[in-house]
Amino acid sequence: MSKTKIDRTPLSGAESVAQAMRQINPEVVAAYPITPQTGIMHAFTAFVNDGDVDTEMIRVESEHSAMSATLGASAAGVRAITATSSNGLALMHEIVYIAASTRLPIVMPVVNRALSGPINIHCDHSDTMAERDSGWVQIYCENNQEAYEMTLLAIRLAEHKDILLPVMVCQDGFITSHGVEGVKLYKDSIVKKFLGKYKPKHPLLDTKNPITIGPLDFYDYYFEHKRQQSEAIHNVRKVFPKLVKEFKKISGKDYGFIESYMMDDAKEAIVVMSSSAGTTKEVVDRLRKEGRKVGMVKIRMFRPFPISEIKEVLKGVDIVAVLDRVESFGAVGGPLFNEIRSSLYDYNNKPKIVNYVFGLGGRSYTPELGRQVFDEISKDKNSKDYEHNLVRYLVVRN
Amino acid sequence: MSKKLKNWKEIPIGGLIVEPGNSKEYLTGDWRTFRPVHIPEKCINCMICWVNCPDSSILSKNGNFDKFDYDHCKGCGICANSCPVKAIEMKPEVDFDE
Ligand code: SF4
Ligand code: SF4
């Protein structure tokens, strides 16, 4: 396979996803505007208007309808996409759960935005984290390039015969969605070849083989269907690496479930998701220059959770700070913290672990704050009572 | 009702029903708490019950009332209610042996 050499195109994260959607050319896109997702559909509807895609664009009256129309189209047997943010996702929730339960390979870019209230349009992960048990695969992207590529990969992942589940491709609101970077777009012909044609197994519109979708399912079979779903999402663990390998011929990249940065000899580590990973890499670079053994782990895929990779990468680390861009009210720490802490439970020499809830409602995460985290945990390393301060807020005015 | 249930690997995904017309395999009769009982002496074979039964559980023969399909009758009582001559009586399921 020849590698494509194309110049980088200046695109926002939202436009990068719209470019992926143009190449996917889904039969149906249903959408309702919500900031900051609107950037995606703004760019994509221009492609529809200009005849660059064959998509039937359905402008619906709410996100609940957007997800419903997308589900209907997917059940009919075509590629169907919608996108949303924040309260839009919350309004979709009922159908989000049904899409996964009905095993429909819908791809949904989500631009992360804080849930109301009070009302806020900026980034945190409260919207998608509220959907973490809905049965969707969840991928979190650090930058525009990743958002573009993960949207393409998501199509193949969702449609794989051993998976058949919907996939959310998340990027940070405004930080990524509205930040312009040079994005390397791959040739349409090459991407289209990678994507292939979607062949649904049980399309609703196949009148020769009539089926029923979404029937009543009681105590005698509902549980079996949930067990199937659980198996399917865990199959992502086997399928994703194969797809990445295939896609590498185009991208040249080795995308893992996680990305480790300077972790080989790291003694102190930050675990974080999405755009804050980029900021943390910068902090790691600066501290490494000062001779400190620090590193970073980025969680690219949150569902299914990459437990074995986490166990492997955090082995030998003294202390870990997990950064959650969401508060899990009433729990001990955020969802990422709980997953990681639980992943390490079986280790005898487990690292110490603390949680930082940060960036809520779009509060900035700066390199200075990243440094502050590393400074604090390097003190906690030798402290016996760090557990009394397990969950911290970065930074709330006292 | 003692049909062997399939395991999670044997059934279509997502609750799909891939063979049409299999709803008759779903025996809804065990939902019933009241059983309709026909009183032939009163019946005038008007077939109003047959028209109204939401579960097609009134079976006819030569255009006349034949019997109930107790495998599927859910015991809603619509037939008894719509019968103009009170030729159907709803009796508690506990009064029957099987
Ligand atoms: S009780 Fe209801 S379901 Fe049963 S035969 Fe009468 S109308 Fe039909
Ligand atoms: S409605 Fe009553 S009278 Fe008419 S057929 Fe049914 S049982 Fe007989």
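In this predicted model, the side chains of R22(A) and D188(A) come together in a salt bridge, with N and O 2.8 Å apart. R22(A) sits in helix α1 (residues 13-24) of chain A and D188(A) in helix α7 (residues 188-195) of chain A, so the pair ties together parts that are 166 residues apart in sequence. R22(A) is buried, at a relative accessible area of 17%, while D188(A) is partly exposed, at 30%.

Another one joins R303(A) to D133(A), whose closest N and O atoms are 3.7 Å apart. Here strand β12 (residues 301-303) of chain A supplies R303(A), and the loop between α5 (126-129) and β6 (137-140) of chain A supplies D133(A), so parts 170 residues apart in sequence get tied together. R303(A) counts as buried, with 11% relative accessibility, whereas D133(A) is exposed, with a relative accessible area of 59%.

K381(A) and D318(A) also meet through their side chains in a salt bridge (3.5 Å, N to O). Both ends are in loops of chain A: K381(A) between α12 (367-380) and β15 (391-394), and D318(A) between α10 (307-313) and β13 (319-324). This pair links parts that are 63 residues apart in sequence. K381(A) is partly exposed at 22% relative accessible area, and so is D318(A) at 31%. Salt bridges can also join up into a network, as happens with E142(A), E146(A), E259(A), K281(A), K298(A) and R300(A).

Now for the nonpolar side of things. The largest nonpolar core has 64 residues, and the members that touch the most others in it are I299(A), L314(A) and I340(A). At least three residues come from each of domain 1 (8-251) and domain 2 (260-393) of chain A. Leaving aside residues up to four places away in sequence, L314(A) touches several others, including M263(A), V297(A), I340(A) and P351(A). There is also a second, separate core of 54 residues, with L11(A), A31(A), V137(A) and L152(A) among them.

Chain B comes into the picture too. E224(A), in helix α8 (residues 222-251) of chain A, is partly exposed at 23% relative accessible area and touches K6(B), N7(B), W8(B) and I11(B). Elsewhere in chain B, strands β2 (residues 58-61) and β3 (residues 64-68) pair in the antiparallel sense over 4 bridges. S60(B) has F65(B) as its bridge partner in β3(B). The hairpin of these strands leaves 2 residues between them, and N62(B) takes a positive phi near 55 degrees there.

Conventions:
Residues are numbered from 1 along each chain as its sequence is written. Chains are lettered from A and ligands numbered from 1 in the order in which they are written. This is a predicted model: local features need pLDDT of at least 70, side-chain atom pairs count only at pLDDT 80 or more; totals for chains, interfaces and linings use all residues. Side-chain values use heavy atoms; hydrogens and water are left out. Buried means under 20% relative accessible area, exposed over 50%, partly exposed in between (1.4 Å probe, protein chains only). Contact means heavy atoms within 4.5 Å. Two strands pair if DSSP finds at least two bridges between them. A nonpolar core is a set of buried Ala, Val, Leu, Ile, Met, Phe, Trp, Tyr and Cys residues joined through side-chain atoms within 4.5 Å. Domain bounds come from an automatic or database domain assignment. A salt bridge is a side-chain nitrogen of Lys or Arg within 4 Å of a carboxyl oxygen of Asp or Glu.
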